[in-house]
Amino acid sequence: MIEDCAKPGEEVQELINIFQSFISDAISNFNSDLYYQNPDYLEWSYREGELLD
């Protein structure tokens with residue numbers, strides 16, 4: 001996700017942005033199945049700022 005979302009040379013900042021976003025907390029909630037979701041779903045949910053239906 002980092003490589004797909006980051007502009008060249010801004011990978012470290014994108015890593016920080018992702019870990020500070022809602023998606024990191026959602027993935028870390030092991031009471032849900034989000035941890036096992038398709039990486040494309042996680043990426044596009046992150047890009048949209050919310051979990052997609």
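Let me begin with Cys-5: leaving aside neighbours within four places in sequence, this residue is in contact with Glu-14, Glu-43, Tyr-46 and Arg-47, contact meaning heavy atoms within 4.5 Å. The model is a predicted one, in which local features need pLDDT of at least 70 and side-chain atom pairs count only at pLDDT 80 or more, while totals for chains, interfaces and linings use all residues. Residues are numbered from 1 along each chain as its sequence is written, and side-chain values use heavy atoms, with hydrogens and water left out.

Cys-5 belongs to helix α1, residues 2–5; helices are DSSP runs of H or I with at least four residues, numbered from the N terminus. Cys-5 has a relative accessible area of 17% and is therefore buried. The classes are buried under 20%, exposed over 50% and partly exposed in between, with a 1.4 Å probe and protein chains only.

Cys-5 is also part of the largest nonpolar core, whose seven residues are Cys-5, Ile-18, Ile-23, Ala-26, Leu-34, Leu-42 and Tyr-46. Such a core is a set of buried Ala, Val, Leu, Ile, Met, Phe, Trp, Tyr and Cys residues joined through side-chain atoms within 4.5 Å. Ile-23, not counting residues up to four places away in sequence, touches Ile-18, Leu-42, Ser-45, Tyr-46 and Leu-51.

I turn now to Ser-45. This residue sits in helix α4, residues 39–48, and is buried because its relative accessible area is 0%. The side chain of Ser-45 reaches the backbone nitrogen of Leu-52 at 3.3 Å. With residues up to four places away in sequence set aside, Ser-45 touches Phe-22, Ile-23, Glu-50, Leu-51 and Leu-52.

Next, the charged side chains. How many salt bridges does the structure hold? There is one, a salt bridge being a side-chain nitrogen of Lys or Arg within 4 Å of a carboxyl oxygen of Asp or Glu. Arg-47 forms a salt bridge with Glu-43, and the closest N and O atoms are 2.8 Å apart. Both residues lie in helix α4, four residues apart, which is about one turn of the helix. Arg-47 counts as partly exposed because its relative accessibility is 38%, whereas Glu-43 is buried because its relative accessible area is 7%.

Finally, Phe-30 lies in the loop between α3 (22–28) and α4. Its relative accessibility is 61%, so Phe-30 counts as exposed.

Terms used
Helices (H or I, at least four residues) and strands (E, at least two) are DSSP runs, numbered from the N terminus. A polar contact is a pair of N or O atoms within 3.5 Å; within protein, one must be able to donate a hydrogen and the other to accept it, and residues adjacent in sequence count only if both atoms are side-chain atoms.
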